[in-house]
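Subject: Handing over a structure

Hi,

Here is the structure I promised you. Please open it and keep it beside this note as you read.

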Amino acid sequence: MPDRSEDSGLLLRIVYPVVALILVVVLWGALVEYYDVPRYVMPSPLEVAQHIAGDWRALVKGFGVTFLEFLLGFTIGASAGFVFAVIMDMSRPIRGILYPILILSQAIPIVAISAALTIWLGFGLAPKLVIVALVVFFPVVVNVLDGLASVDKDVLNLVRSMGASKFSIFRNVKLPATYSPLFSALKLSATFSVTGAVIAEWTASTSGGIGAYLLQANSRMNTAGTFAAITFLAALGIVSFLLVFVVEYALTPWKSSSKARRWSPSYWRG
């Protein structure tokens, strides 16, 4: 039988953020009108919407450019972080050598790294991908390592005594233990990655991403254009977060429901 409580819970998860967004926009417009704020300081939501409608093509094109930078950099950083964490978990000497280097790398501001990357890699796509990947890399490594270390040693000893191979232990025991910390890191990194993509466009931009659009609008004192770019960046952050959420929802069905999903073969067998 379909779980109606699950469907209603999912619907409420969508309705609540929409209501919150409407309240923020209404409050924003009311405060601007009530205090008669000069438009060069703070535009109304209607003026931002008009700017978006008038410059729609440039904003959508910029959104696509920045989203591509985010998607590629995020995938590279998350994949590299996961592989590094698994290698560090398998070898204590490698972990002892690499872990202090990783911590030291986080002490360097990402803006300083982006300036150096621009010198080394030029003004193309490469430095932007590296910056976004660096933003994702460290949280994924730390959280996956914690997940691998959290596996009960008695369980490991039990499956070893039953003759399980190293690959089988990793596939069936260790890997599932990394799901929760991994997706926590990915959801956190998804929004930070957008910031990394914007910083990368500010320091190494020859393309028309949203970060470059924001910089140009700000330099021209175009407040409506600045807020339009901020709106698209917020949308990009939400889209990136939702992408991670959807993947987590599909790969970890046991976290949201005790029953099999409709698309699962076990649902129809039951």
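One definition first. A helix here is a DSSP run of H or I at least four residues long, and helices are numbered from the N terminus. Keep in mind that this is a predicted model.

**The whole chain**

Start with the overall picture. The chain has 11 helices and zero strands. Read along the sequence, the pattern is therefore α-α-α-α-α-α-α-α-α-α-α. There are 270 residues, and 35% of them are buried. Now take contacts between residues at least 6 apart in sequence. Of these, 72% join residues at least 24 apart.

**The aromatic rings**

How many aromatic pairs does the count give? It comes to nine. One of them is F63 with F67, a stacked pair. The ring centres are 6.3 Å apart, with 5 degrees between the planes. Both residues lie in helix α3, residues 56-90. They are four residues apart, about one turn of the helix.

F67 also pairs with F70. That pair is tilted, at 6.0 Å centre to centre and 40 degrees between the planes. F67 and F70 are three residues apart in α3, so about one helical turn separates them.

F70 has a relative accessible area of 2%, so F70 is buried.

W56, F63, F67, F70, F74 and F232 form one aromatic cluster. Find F232 again when you reach α10: F232 is among the residues that meet α2.

*α4 and α6.* Helix α4 covers residues 92-106, and helix α6 covers residues 125-149. Their axes come within 11 Å and cross at roughly 140 degrees. The crossing of α4 and α6 is left-handed. On the α4 side, R95, Y99, L102, I103 and Q106 take part in the contact. On the α6 side, the partners are F137, F138, V141, V142 and L145. By class, the residues of this contact are eight nonpolar, one polar and one charged.

*α6 and α8.* Helix α6 also packs against helix α8, residues 166-203. The angle is about 155 degrees, and the axes are 7 Å apart. That makes α6 roughly antiparallel to α8, because the cut-off is over 145 degrees. The crossing of α6 and α8 is right-handed. The contact holds 17 nonpolar, six polar and three charged residues.

*α2 and α10.* These axes come within 9 Å and cross at roughly 80 degrees. The two helices are therefore roughly perpendicular. Which residues make the contact? From α2 come E47, V48, H51 and I52. From α10 come A224, G225, F227, A228, T231 and F232. By class, the contact of α2 with α10 has six nonpolar, three polar and one charged residues.

**Two residues with positive phi**

Last, look at two loops. D36 is not a glycine, yet its phi is positive, near 50 degrees. D36 lies in the loop between α1 (4-34) and α2 (45-54). D36 is exposed, because its relative accessible area of 60% is over the 50% cut-off.

M221 is not a glycine either, and its phi is positive too, about 55 degrees. Where does M221 sit? Its place is the loop between α9 (210-219) and α10 (223-251). M221 has a relative accessible area of 62%, so M221 is exposed.

**Where to begin**

I would begin with F67 in the viewer. Look for its stacked partner F63, then for its tilted partner F70. Next, follow α6 from its contact with α4 to its packing against α8. Finish in the loops, at D36 and M221.

Best wishes

Key: Residues numbered from 1 in each chain as written. Predicted model: local features only at pLDDT ≥ 70, side-chain atom pairs only at ≥ 80, totals over all residues. Heavy atoms only, no water. Axes fitted to C-alpha atoms, helices over the stretch in contact; angles between N-to-C directions. Left-handed = near helix turned anticlockwise from the far one by under 90°. Contact = heavy atoms within 4.5 Å. Nonpolar A, V, L, I, M, F, W, Y, C, P; charged D, E, K, R; others polar. Phe/Tyr/Trp six-rings, centres within 6.5 Å; stacked < 30°, edge-to-face > 60°. Buried < 20%, exposed > 50% of the residue type's maximum accessible area, 1.4 Å probe, protein only. Parallel < 35°, antiparallel > 145°, perpendicular 65-115°, else oblique.
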